[in-house]
Amino acid sequence: MLKILIPTLMLIPTTWLTPKSWVWTTTTAQSLAIALLSLTWLKWTSETGWSTSGPYMATDPLSTPLLVLTCWLLPLMILASQNHISPEPINRQRSYITLLILLQTFLIMAFGATEIIMFYIMFEATLIPTLIIITRWGNQTERLNAGTYFLFYTLAGSLPLLVALLMTQKDMGTLSMLIIQHTKPTNLLSWGDKIWWVGCLLAFLVKMPLYGVHLWLPKAHVEAPIAGSMVLAAVLLKLGGYGMMRITIMLDPLTKELAYPFIILALWGIIMTGSICLRQTDLKSLIAYSSVSHMGLVAGGILIQTPWGFTGAIILMIAHGLVSSALFCLANTNYERTHSRTLLLTRGLQMILPLMATWWFIANLANLALPPLPNLMGELAIITSLFSWSPWTIVSTGLGTLITAGYSLYMFLMTQRGPTPLHTISLHPSHTREHLLMAMHLIPVLLLVLKPELMWGVCH
Amino acid sequence: WFLAWMGLEINTMAIIPLMAQQHHPRATEATTKYFLTQATAAAMILFASTMNAWTMGDWNINQISHPLATTTVTLALALKIGLAPMHFWLPEVLQGLNLTTGLVLSTWQKLAPFALILQISQNTNPALLTTLGVTSALVGGWGGLNQTQLRKLLAYSSIAHLGWMIIILQFMPALTLLNLTIYITMTSTMFLSLKIMASTKINSLALAWPKTPTLTTLIMLSLLSLGGLPPLTGFMPKWLILQELAKQDLPITATIMAMSALLSLFFYLR
């Protein structure tokens, strides 16, 4: 674990000491090297499930795919930010990259944590760089409001979690994940225990986000700069899912009855947010709501606590992370050219930017879960396990799949096909950097079709 | 007790001329208010200790055991440091002072009463302390929400932090000391940075970025730390206090305190 953490921390002196014209190149190259190094974690050799352990951090098949996703995304974030940051003075560029690196360090420590309190502290710690990125480098005046919503929704959910964790530490004597998986199930019957259960889960449900408490997400995504959107969509949402999966180990057997309202909210949210997507005019907002929709499916899969549900949740999280980030990058290419996110202004791009249209095509197909892409694997696993839990869920999940297909195709057709408006003819052609960015997002998705065992996690 | 009272009176007397340095009517008004409140509190302390000596025959500070005496002394000391519901003097007094004197008021002046509070901590009424603590945290949070004057903001933040310190007094006085120390450090940072930038309102803070970007980053970090966000140091006392409260099976109190920290955070963020 230290092999990855120390080079990531050393990226900070790198950004501040390299001469001005080499900053972006060196940071991208070094973070790419770290990402490739993190791929060695995927080799699962240990029997107990936990490997590469240190005193406080370890990896297991649940956290490894998310860790690799995080490390993979850092060079992509730096690549994506290059264009819109370049007019700023060099020290501000350096502080931006430093913030991204700090966020990365906290994320690695969060995913690798074995003590739940350490996970909690890192979970909260990721809020600060994200908040600074959104409020300082966002594009519109609403970004302050977005930052406040973001911070307060997440904190209001996670402070009860802190109290709940401290109560657990008093009762069980430890909060190490290695030990908790072997303790006897606790007898949880009273009202106070039910409130404790809600306290544990609420933070992660807000982060996921669950449909009722999802208001911070579209605001935060729309106002954030591209790297902020990428990391928010791809990784920070998965922190919520990962936390939920870790916490539910100790929450049995209450979860069977208490999870009903949240599962219903999640399923209803899939349909509602999907329908909102169909009527959106703002491209980034569309992608943000599609994130909520997919995460609703993940939340449903985790809350029913079946092996296939968990597996589907992890696969969908990884696949959604890559694809959602890819879609945000594509939206950003549009934004950088026209400085507007309105869908109507960037129509008919296939005529002008044909190669980018290919990437749009693949990303949208992945979003609507085309076989054999991993998005479908995840969705199918979750839908099947939800069906076996209760046959009525097929109504909402089936409808949700249909609506997802609807808005993904809508997004594709609106941006690519159709008559080209006259004002877009003079747009810049695509940079190689942008093509590289999209390729690096989508090639892992395609490769994961060939070996999905890398993502399957604990339950196979 | 007699010597303690004398010490507190001398402390008050010494700081009065310091506060009245500026010949501004608001400064004079603030000085008068401060003098009145502190004198009242000191008189109450004398009264309570005399009552204790009369009924129990004991002048020792840590053996003040008559229940009425302990309650009176606790309330008097609370008035001295500005805990709710005896906090009403603090924002206005702080507003009337310039930043350096305000710094002294918030940090150094708290040390003496706290020394006394720590010494009587075994005998105090737990319900009283909990009420004082929770009320202070909530009042500090809500009162600061509508403020634009930085000194009043810091006054309300002081009230909230004092609430946190008091609530753990009954279980682990060492944590009270830790919280006090960290709070003094953070508040000194805030006051001194505000003095360097010579700003007293939120509007003037907004213009600080072009002047001294490093200092502004420092201010932001120290504000977030005052708010108690991990992984900054300000989180540590809050975490330990919540842990101690949880160990004592007081989850509801812990949750209320945690939520009121959110209120304070909101006005720090502005």
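Is Q305(A) buried, exposed or partly exposed? At 23% relative accessibility, Q305(A) counts as partly exposed, where buried means under 20% relative accessible area, exposed means over 50%, and partly exposed is in between, with a 1.4 Å probe and protein chains only. Before I go on, please keep in mind that this is a predicted model, in which local features need pLDDT of at least 70 and side-chain atom pairs count only at pLDDT 80 or more, while totals for chains, interfaces and linings use all residues. Residues are numbered from 1 along each chain as its sequence is written, chains are lettered from A and ligands numbered from 1 in the order in which they are written, and side-chain values use heavy atoms, with hydrogens and water left out.

Let me begin with chain A as a whole. Chain A has 21 helices and zero strands, and these elements are DSSP runs numbered from the N terminus, helices being H or I with at least four residues and strands being E with at least two. Of the 460 residues in chain A, 63% are buried. If we take contacts between residues at least 6 apart in the sequence of chain A, 83% of them join residues at least 24 apart, a contact being heavy atoms within 4.5 Å.

I turn now to the residue from my opening question and to the backbone of the loops. Q305(A) is found in the loop between α14 (283-303) and α15 (307-338) of chain A, and its phi is near 60°, a positive value in a residue other than glycine. A369(A), which is not a glycine either, has a positive phi of about 70°, and this residue lies in the loop between α17 and α18 of chain A. A369(A) is buried, with a relative accessible area of 7%. The loop between α17 (354-367) and α18 of chain A also holds P372(A), and the peptide bond from P371(A) to P372(A) is cis, with omega near -5°. Another cis peptide bond joins M208(A) and P209(A), with omega about -5°, and P209(A) has its place in the loop between α9 and α10 (216-223) of chain A.

Next, the aromatic rings. A search of the whole structure finds nine aromatic pairs over all chains, where rings of Phe, Tyr and Trp (its six-membered ring) pair if their centres lie within 6.5 Å, and planes under 30 degrees apart count as stacked, over 60 as edge-to-face and the rest as tilted. One of them is the tilted pair of W197(A) and F262(A), at 6.0 Å centre to centre and with 40° between the planes. This pair links distant parts of the chain, since W197(A) is in helix α9 (residues 191-207) and F262(A) in helix α13 (residues 260-278) of chain A, 65 residues apart. W197(A) is buried, with a relative accessible area of 0%, and F262(A) is buried as well, at 16%. The rings of Y260(A) and W389(A) have their centres 5.5 Å apart and their planes at 40°, so this pair is also tilted. Here Y260(A) in helix α13 is linked with W389(A) in helix α18 (residues 374-389) of chain A, 129 residues apart. Y260(A) counts as partly exposed at 44% relative accessibility, and W389(A) counts as partly exposed at 32%.

One aromatic cluster is formed by F111(A), F119(A), F123(A), F204(A) and Y242(A). The charged end of K207(A) sits over the ring of F123(A), 5.4 Å from its centre, a description that requires NZ of Lys or CZ of Arg within 6 Å of the ring centre and within 35 degrees of the ring normal.

Finally, helix packing. Two packed helices are described by the angle between their axes and the distance between the axes. The axes of helix α7 (residues 143-172) of chain A and α9(A) come within 7 Å and cross at roughly 145°, with axes taken as lines fitted to C-alpha atoms over the stretch in contact and angles running from 0 to 180 degrees between N-to-C directions. Among the residues that make the contact are Y153(A) and L161(A) of α7(A), and F204(A) and K207(A) of α9(A).

In chain B, helix α4 (residues 89-96) and helix α7 (residues 150-167) pack at an angle of about 140°, with their axes 8 Å apart. Residues of α4(B) including L90(B) and L94(B) meet residues of α7(B) including L154(B) and I159(B).
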